[in-house]
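Have your viewer ready and follow along.

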Amino acid sequence: MPGKAMSKKNPYFIDFPARIKDIQAEMGNHGIDVYLGSRLRTLSWTLDAFCPWRSYIVIPPKGLPTAITFVIDAARVADDSWLDEEHILGYGPMGGQDQITVLTSLIEPHLKRGRGIVGIETGMGTYLPEGHLTQYEYESLKAALPGAKFPNVHEIVDRLSLIKDEGTINRFREASRIVDVGHREVYEAIINGGYKGMTETGIAGLAAYAMRKAGSEWEWSFTGGNEIASGYRTGLAAGASTPASRRALKPGEPLMVDLHAMFRLALGDHTHNYLLGPATKRQKWHAKNFVDLVGLCLKTYRAGITPSGLADEMLDFCEEREFADYMVPGFEHGIGLMGDEWRIGLNDGPFPYWTNPDHEYQAGEMVICAMQYACPEENIGFRYENPILITKNGCEAMSKFPLAVEEI
């Protein structure tokens with residue numbers, strides 16, 4: 001996992017103390033006495049440590065924050081994080097060590113005569129492990145701190161984390177390099193009929209082993225790790241999650257290989273598609289449609305464009321080529337350090353806690369260029385995912401694996 005603080009000369013260096021100071025400056029601007037972070041994205045962005053158990057970070061107006069996590073993992077989180085052991089605490093079912101008691105003891109000293117503003121993170125999302133404060137936690141903290149108010153202030157971290165620094169970008173580049181290693185391993189295994197007798201789970205494991213050897217810490221996706229689909233499973237309507245099944249690969253069918261790696265909490269995510277020969281003329285028609293669309297999409301990204309504007313341009317192309325019925329009308333999803341997946345930009349659009357379709361991309365933002373092509377009636381579909389860095393006049397695609405639907 002990430003490990004302790006590193007030299008500023010290290011290409012993966014991130015100034016985490018500066019991030020805390022930026023949050024504290026925003027707290028001052030909004031009259032917040034103490035910030036209680038509970039979302040996985042906030043923990044990754046502030047701690048530089050992987051927190052798989054329910055965890056929190058308490059940020060005072062000045063000085064170092066303190067994080068708490070499940071007691072069985074506290075020593076490991078402290079070993080990973082830039083914070084020292086005194087600022088990583090464990091909670092558990094023991095007297096005075098439960099979550100609410102520990103949080104109260106960290107928050108109360110920053111409230112004058114028990115009164116003040118405690119900023120919390122709550123809301124709604126499609127991402128299961130988002131980490132919003134629960135109703136039970138909220139009501140328990142209100143009872144323990146009756147003089148405090150608890151406004152929802154998650155937008156502070158969301159806004160500060162929108163533009164990626166160089167260390168974060170370099171971590172994504174390395175995670176994507178690792179994913180490409182996995183793809184090369186899969187390709188070498190399935191060519192020349194090598195796929196015969198293999199299963200989707202076998203492909204997933206083969207790729208995972210290659211990526212682990214190359215330095216990946218986790219096949220991070222909560223939608224199934226390495227998502228492998230073959231045959232009819234590639235064409236499931238609007239299909240965006242295909243955890244590998246035990247289905248055997250068969251000639252004459254498509255194969256979708258969606259790989260995930262993690263490097264210092266940055267996420268590699270890339271999908272490559274195959275036609276296990278012999279491929280029909282109709283299958284090749286579908287494949288050309290998809291490849292041409294992905295190429296056009298990557299050329300269209302740039303600062304100033306919006307998700308809705310991009311979608312309009314892409315769907316016009318689909319209409320012209322008469323395959324719009326097969327495209328899911330979305331072309332990206334958000335991405336950041338571990339836990340920061342799904343929403344693009346800030347949730348300041350017409351639907352609360354969803355992407356604003358009119359968000360204007362800025363140079364320095366990152367998203368996953370993500371598209372799904374599905375033709376269920378013909379048992380065929382394709383997926384493309386690749387982290388991209390938005391630049392002034394275009395984008396940088398992190399994975400360098402060639403764009404194609406390859407006939408094997």
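**The nonpolar core**

Leu 293, Tyr 301, Phe 331 and Met 371 touch the most other members of the largest nonpolar core, which has 35 residues. Such a core is a set of buried Ala, Val, Leu, Ile, Met, Phe, Trp, Tyr and Cys residues joined through side-chain atoms within 4.5 Å; buried means under 20% relative accessible area, exposed over 50%, partly exposed in between (1.4 Å probe, protein chains only).

- At least two core residues each come from helix 9 (281-300), helix 10 (307-320), strand 12 (366-375) and strand 13 (380-390); helices (H or I, at least four residues) and strands (E, at least two) are DSSP runs, numbered from the N terminus.
- Helix 9 gives the largest share of this core, seven residues.
- Beyond residues up to four places away in sequence, Phe 331 touches residues including Leu 293, Tyr 301, Leu 310, Met 314 and Met 371 (contact means heavy atoms within 4.5 Å).

**Helix 10**

- Pro 307, Leu 310, Ala 311, Met 314, Phe 317 and Cys 318 are buried in helix 10.
- These residues are on the same side of helix 10 because they cover an arc of only 125° around the axis, taken from the directions from the helix axis to the C-beta atoms.
- Glu 319 and Glu 320, on the other side of helix 10, are exposed.
- The buried residues of helix 10 pack against helix 9 and strand 10 (332-335).

**Reading notes**

- This is a predicted model: local features need pLDDT of at least 70, side-chain atom pairs count only at pLDDT 80 or more, and totals for chains, interfaces and linings use all residues.
- Residues are numbered from 1 along each chain as its sequence is written, and side-chain values use heavy atoms, with hydrogens and water left out.
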